[in-house]
Amino acid sequence: MTHIAIIGAGTAGLATAIVLARQGIQITIFESVSKLAPVGAGLLLQPAGLAVFAHLGVLESALTLGAVVTGLEGQLPNGHLLVNSHYREAGQGQYGLGIHRATLCHLLIQKLDEYQTSIHWRMNHQIDRIEDGGSETRVYGTTAGQAFDAAFAAVIVANGARSTLRPPAWVRLDRPYPWGAAWMIVPECLSLDRQILHQFYDRSQIMMGVLPTGAIPNKPDQRLSSVFWSLPTTELHGFMPDQAARGAWLEQVDRRWPTVAAWLDQVIDVEHPSAQWLSAQYRDVVMSQYGQHRVGVIGDAAHAMSPQLGQGANMALLDAWALGQSVAYGRSGEQIDWSMVWQHYHRLRGSSTLFYQSMSRLLTPLYQSDHWWAGVLRDVAFTWMYRVPYLRREMAVTISGLKTGMLSQMQYAQIATR
Ligand SMILES: Cc1cc2nc3c(=O)[nH]c(=O)nc-3n(C[C@H](O)[C@H](O)[C@H](O)COP(=O)(O)OP(=O)(O)OC[C@H]3O[C@@H](n4cnc5c(N)ncnc54)[C@H](O)[C@@H]3O)c2cc1C
C-alpha cells in the first residue's frame, strides 16, 4: 500500500494528510514538537481557504468557532478609509473567517481522526535530512536523542518558513523579512464593527490591525480579537517592557485613533504589559519548483512571505487541495506517476503562487518601510484606485486568494467540491 511521509503538522501538513488519507493512502506525520500547543495569532481565512475547508468537510464546524469577516477597512489618522474592500465585490455570498490558529489546528486534527487507520503520528520526531532515491525516499531524523531513519514512497516537506529541508537547488531566495509584528489576543473588541478586519496606517512606518478571531475550542463562549502592531525586527525584542512604555504607546495610538486607544487601554495589562505581547518574524522564500521525483515542498516551506496580504494559511490550504487533486490525477491503482503529479501540481499552483509573491513584494514596502515616499505613494494610489469599480473588484478578488494571474482567477466552486 502506498505510504507517504509528511514533515510538519501545521496547516499545510494536516490538510494534506486529510486529502491523501481520503484517497486510501497511508500517511506518517513527523512533527518535531511533542504536543501541538494551542498557541498562535488569529488568522484571516480568505474565501480561497474557506473553499478548501468546504472541500475538506470542516467548513461548518469552522463557522461555529470562527468569526465571519465581510471586509477589510484601513483607516488613516484623519479617518479617511484608504482601504475599503468587501468580499461581496469579489463574488456574491463570499466572506472571510477570522480564526485562532489553535482552532484551525483543532478542526483539521478532528477531521483526521476520521481516518485513524491511515494516519500514523510521529510527534517529537525531528527530520534532519531527506534522501530521494530511485524507488523510495528516506528520511533521517532524531527522536528523544535517538537517530532513526525510514523509507516512504514519497515525502512532502511542510515544515514551515524556516525549513532547512527544501532542496537547495530549488531555492531562489530565502531571507528573513526586515519587519515583523508584535501581537496579542484579547477579549473581543466591541467598539469596532465585529465583521471587519480593521487596519490603521500612518505613512509606511505605523500599521496596526484588529482582527475578529472567534473562539478557541475549550472556551467557545469567549469571543476574541487579535491585535497586530508592525515593527522592524530590531525593535521587536522587549516591546512595551513596562507601564511607562505602555502609556507612551497608547498616547501614540490615541493621537491618531482615539476609539481604538480607549479600548486598548482597557485590555492591555497595566503591571506587566510585555507578558501579553508575542512577536512574529517572517521570511521571504521563493523557489523555482515545488516538486520532483518523490519529494514535494508545500506551505510556508515553499513560499513564505510577509503576512501583508493575509494569504499564508490560505496558500497552505490551496497547496494541500492541489496536491490531493494531483495525486489523484497521477495515480493508477497502487502506482503513482510522480512526474504527472508534479506537472499537474505546478499547473494548479504555479501561477497563483507567483502572482501572490509578486503582489506581496510590490505592496508590503508601502506599509512597512523607512522610505518617506512609500506611504505617500500608497495614499495617493489607493485613493485613486478605489474610485475605479474594475480595480475595486480586482482588489477584492486579490484579497480573496483566488487570483491566478493579472487577468485570471479560480472559482470558489471549483475548489469547494469534494
Ligand atoms: C502573526 C502572524 C499572522 C498571520 N496572519 C495570517 C493571516 O491573516 N492569513 C493567513 O492566511 N496567514 C497568516 N499568517 C501565515 C500563516 O500562519 C502561515 O502561512 C501558515 O500557518 C503556514 O502553515 P505551514 O503548515 O506551511 O507551516 P507552519 O504552520 O509553520 O507548520 C510547520 C510545522 O512543522 C514543524 N516542523 C518544523 N521543522 C520540523 C522538522 N525538521 N521536523 C519535523 N517537524 C518540523 C513545526 O513544529 C510546525 O508544526 C500569519 C502568520 C503570522 C506569524
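Is His-3 buried, exposed or partly exposed? With 16 C-beta neighbours inside 10 Å, His-3 counts as partly exposed, since the class called partly exposed lies between buried (20 or more other C-beta atoms within 10 Å, placed from the backbone) and exposed (12 or fewer). The model is predicted, so that local features need pLDDT of at least 70 and side-chain atom pairs count only at pLDDT 80 or more, while totals for chains, interfaces and linings use all residues. Residues are numbered from 1 along each chain as its sequence is written.

**His-3**
- His-3 sits in strand β1, residues 3-7, where strands are DSSP runs of E with at least two residues and helices are runs of H or I with at least four, numbered from the N terminus.
- Beyond its neighbours within four places in sequence, His-3 is in contact (C-beta atoms, placed from the backbone, within 7 Å) with Gln-26, Thr-28, Phe-152 and Ala-153.

**Shell around the ligand**
- Among the 32 residues around the ligand, those that come nearest are Gly-8, Gly-10, Gly-160, Gly-299 and Gly-312, a residue being near if its C-beta atom, placed from the backbone, lies within 6 Å.
- Helix α8 gives the most to this shell, with four residues.

**Helices α2 and α8**
- The axes of α2 (residues 47-56) and α8, which are lines fitted to C-alpha atoms over the stretch in contact, come within 8 Å and cross at roughly 40 degrees, on a scale from 0 to 180 degrees between N-to-C directions.
- In this contact Ala-48, Gly-49, Val-52 and His-55 of α2 meet residues of α8 including Ala-313, Leu-317 and Trp-321.

Technical notes:
Contact = placed C-beta atoms within 7 Å.
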